[in-house]
Amino acid sequence: MSDDISHLDTLIALLQQDGGPGTEEGVASIVKRAFGRYTQDIQTDVLGNVFATVQGTGEGKRPTVMLAAHMDQIALLVKAILPGGYLRVVQAGGFDARTLVGQEVLVHGRETLRGIIGSKPPHVTTAEERKRTPPLEELFIDVALSEERAKQLVHVGDVVTLASQPVHLLNRRISGKSLDNRTSIAILLECLRYLGDKPHEADVIMVATVQEEVGTRGAIAAGYREKPDVAVAVDVTWADMPEQPQDLSFKMGEGPSVTFGPNIHPKVFRALKDAASSSHMPWQLELSQGPTGTDGRAFQIAADGIATGVIGIAIRYMHTAVETGSYDDIETCAKILARFIQTIDASFVEGLTCY
Amino acid sequence: MLLKRLTQAMGPSGFEDEVRGILREEVSPYVDAIYTDVLGTLICEKGRSQPGPCVMLDAHMDEVGLMVVGVENSGLLRFRPLGGVDPRILVAKRVRIGSSKLPGVIGSKPIHLQKPDEQKHPIPEDELFIDIGAKDKEDALANVQLGDVAVFDTLYDTIGDGCVKAKSFDDRVGCYILSEILKKSYAVPLVGAFTVQEEVGLRGATAAAHRIAPDIAIALEATVCFDGPFVPSHSEGTRLHGGPALTVQDGRTVADVRFLRFMMETATKHNIPYQLRRVKGGSNDFAAIQKSREGVVGGAISIPLRYMHAPAQIVSSKDVENAIRLVDAILQEIASGNWVEERFAN
């Protein structure tokens, strides 16, 4: 059923695919094909979440563990077509407008159009202007079309995504758009690969969720639908770089961050930590003081409540065209999760409601 | 395709080797002599022994770029710009470093970890780094050297209707036009100069003009085109698709009115669209050539360029084609003896 081919190529394909919140179909089709290596039980719900279930070996009513990674990437929407054929946009996810100036984009209109987010040339920029940064409302997209042609091909509401091709850096690090959170999709796939034919009592539900970037909306429905005993959101966190708070900065290449805090079931946290130690894999502690910025915030309060964990790799430059992460971390995280799945049994689940 | 090869090549000021290699290979079969001067300018002579005024056509090979000047303990690279780069344009861009074209990215602090109001201010230059994926300083220095240069990592492609996008059209589009002209033959002595270091002060052209000592010179350039509806028309510089732009006055030159009139008259006679460049700042190699030796007659023909000095720029293919037609027509008119200084004087 499983084979032993790395999912690096799948990740590259996922990074090349465009899919904003609500327009994840292209990503979903890659995800379904990749899940298909491991199970025939693949389903899609009304929002577009993709579920892949691998049965456990337990007798009777088996425990269920769900691992989730969101498929959507932050995007922009066309809000106006200006004279001259230029486009104005609004957020569909959280961009820092400063990272958009001069960026190449794709405008998903009647046709997919290349576009450039314009910038004023330094030759006509005043010293005063250099001190400020134009907010998103002042940025414009140039599709090199006349107003008439632009109005034929583009409509208000069309999705705009970054046109940033992935690139391989040193040390198995990869840079591009949408590493948030396609790297976590790769983790789910690598996890299934490592799990292979190893026995696990629990049923495993891998879910690729939609619309996380606009408020974990896919996760709300996914948690309710599956009501698993345990849900782990796999999502990226921040890698260290100068000028960042230390407790929110993690080392690339030194294993995933495992989150601890009110959003996390303490026994799930402990099981993730133990899975890392027993598989001799490095991990880092991420402390959180409330609902996390991941699908985990929705899972915890879905239906009667779900025991939730959060894990993920650290990437640099989150929410930009050059998000950078390490494939080593993806593999490490997947190995920890594969071990974690093997430790979920009926008595673990029984313990989740015993405080 | 030549313009694609030229714009995807690396050549910041002082490091024009790759561009020079492409041009040498491209034009060698069409010229009588091809050589480099002491700064690295590539000089191409064609029919120099013919009667008539010697015409120098200039296009600069260099582009704006970055230079690696330090390495942090984290392995991130510190850099400084080579030429006029607005640091605000560097955020979240890909670059290629050194002759091995090692990929790197310039990142920024994630939106989630910013302090309130941080987005209202540009990211200071000293908070921008190139990330090559190095684990630490030692790892970085095993892959790059201080002094390595970097350029934007942008692919040439079509965009919209009749346009192309790439990095460094300033001034690879001029190099392209000059190459195409050198492939033709004219009954006039012609010297093509693919110059170096324009972006750091017209330096290659200064030495080249002295050496060539032309009678007439024309700089082929890319110029500011910022023609959106949100820009007052006096600041737009030029209009895309409006034809090649002729300089009246810029940051360093007042046009030679006689030659400007000659170029305008030639364009009209040959039915070639043109426009006047309407921005006072900026300049080009003609500013240096004009003041060479006892002074040189000539002017500049520029291609309207959107997003100059940014990673992704746009030119109109029609404008490029019309610029080639205009240079061609001017050379024919000069060869026919129709350039007579006095005729165009007041």
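The model is predicted: local features need pLDDT of at least 70, side-chain atom pairs count only at pLDDT 80 or more, and totals for chains, interfaces and linings use all residues. Residues are numbered from 1 along each chain as its sequence is written, while chains are lettered from A and ligands numbered from 1 in the order in which they are written.

Let's start with the domains, whose bounds come from an automatic or database domain assignment.

| Chain | Domain 1 | Domain 2 | Distance between C-alpha centres |
|---|---|---|---|
| A | 8–73 + 177–351 | 75–162 | 33 Å |
| B | 2–63 + 167–344 | 65–152 | 32 Å |

Contact here means that the C-beta atoms of two residues, placed from the backbone, lie within 7 Å. In chain A, 11 residues of domain 1 and 13 residues of domain 2 make up the contact. The domain 1 side in chain A has three nonpolar, five polar and three charged residues. In chain B, 11 residues of domain 1 meet 12 residues of domain 2, and the domain 1 side there holds six nonpolar, two polar and three charged residues. For these classes, Ala, Val, Leu, Ile, Met, Phe, Trp, Tyr, Cys and Pro count as nonpolar, Asp, Glu, Lys and Arg as charged, and the others, Gly among them, as polar.

Now to the core. A nonpolar core joins buried Ala, Val, Leu, Ile, Met, Phe, Trp, Tyr and Cys residues through C-beta atoms within 7 Å, where buried means that 20 or more other C-beta atoms lie within 10 Å of a residue's own. The largest nonpolar core has 223 residues, of which A:Leu337, B:Ile177 and B:Val327 touch the most other members. Beyond its neighbours within four places in sequence, B:Val327 contacts B:Ile177, B:Ile181, B:Ile218, B:Leu220 and B:Ile301.

Conventions: A residue is buried if 20 or more other C-beta atoms lie within 10 Å of its own, exposed if 12 or fewer, and partly exposed in between; C-beta atoms are placed from the backbone.
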